[in-house]
Amino acid sequence: MHPALAVIFLTLFSGGGFGIMALTAIINDFQIDGGLNPLQTMVAVILSLVFVSIGMLSSTAHLANPKNAWRAFTRWRTSWLAREGVFAVLYYPFAFAYLVWVFFTAGTQDTVGLILANLAGLIGLITIFCQGMIYAVLRTIRQWNTALVPANFYVMGLAIGATILAAERMIMGAPALTLVGIALGLLVAAAVMKGIYYFWISRPNGPTIRTATGFNRSTVRILDQGHTFGTFLTEEFGHTLPSAKARSIKFMMYIFAFIIPVAALVIGFLTGQMFFAWLAIVSVVFGIGVERWLFFVEAQHVINLYHGRQQC
């Protein structure tokens, strides 16, 4: 498919923002590495709100008429897209309330603060699930029609959040041993999960021109394609990426999304140099942004059968 920048930003930044909030709540719940102090907590919540806002605002750029964006909330009973919008909006009051509470009370481990933090984190995790299910329920796109999609959205968002929080602690000179370990574990888990996903979509499976016509035991070929010129369908759903180029980009993605952040966090923790903490943040956001671009560009809609493009 044609990878729309607006949707890439939506899934990348909102997932990372919700991941930051969920992990902030967990860190303060269990006092991991002593918990986040008020300043660190406020920085984390502000980053979360900024990331989520970038994602939500980017989503409106994908609409033909952004002024009608409110209509996306009206089908929450049947639409995962509407549910994502509802929970994303519901996230803001709890996150803002937690931010205000910490600012005025300097309390990050008190009951009220933890309730607000956990509610915001839980809503964020529900939103990530809804976001993943938007794509996972589409049977017309084999590469998306799998439970691996929301699972990858979860682990990628949490990996971004953990990397940013670990880097924040290192930059502020606070203990970060456990947080760095959590970030490393989530980055490795994300790399493994993405590898499983790539293996799954590489299998020869899915609809073909033979299954579409019902002649499963015969050789079928299209004598006349659906269109002789490019159309909206061929531009949006017919975008393809050569296999060799895809492998090269995946290799680059693994370097920026996982290898560099892991190495930067370890070196930064051992040496205390802030440069490596910033490098980990920039690299993981860029790398997972490339991963999200690949997620869209490798998706092949069944409409391609109508245009003589065989599905794998």
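A residue counts as exposed when its relative accessible area is over 50%, and as buried when that value is under 20%. In this predicted model, Leu5 has a relative accessible area of 56% and is therefore exposed.

Leu5 is found in helix H1 and takes part in a nonpolar surface patch together with Phe9, Ile46, Val50 and Ile54. The accessible area of these residues together is about 410 Å². Helix H1 (5-30) and helix H2 (38-60) each supply at least two residues of the patch, and H2 gives the most, with three residues.

Turning to the aromatic residues, a search of the whole structure finds 20 aromatic pairs. One of them joins Trp144 and Phe295: the ring centres are 5.2 Å apart and the planes meet at 15°, so the pair is stacked, given that stacking requires planes under 30 degrees apart. This pair links distant parts of the chain, 151 residues apart. Trp144 lies in the loop between helix H4 (111-136) and helix H5 (148-171), whereas Phe295 belongs to helix H10 (residues 274-297). Both Trp144 and Phe295 are buried. They also belong to one aromatic cluster, formed with Tyr135, Phe153, Tyr197, Tyr198 and Phe296.

Two arginine residues lie over the faces of tryptophan rings, as listed below.

Methods
Residues numbered from 1 in each chain as written. Predicted model: local features only at pLDDT ≥ 70, side-chain atom pairs only at ≥ 80, totals over all residues. Heavy atoms only, no water. Phe/Tyr/Trp six-rings, centres within 6.5 Å; stacked < 30°, edge-to-face > 60°. Helix = DSSP H or I, 4+ residues; strand = E, 2+ residues; numbered from the N terminus. Buried < 20%, exposed > 50% of the residue type's maximum accessible area, 1.4 Å probe, protein only. Lys NZ or Arg CZ within 6 Å of the ring centre and 35° of its normal. Patch = residues over 30% accessible without salt bridge, like charges linked within 9 Å, V, L, I, M, F, W, Y side chains within 5 Å. Areas by Shrake-Rupley, 256 points an atom, 1.4 Å probe, with all protein chains shown as cover. Salt bridge = Lys/Arg side-chain N within 4 Å of Asp/Glu carboxyl O.
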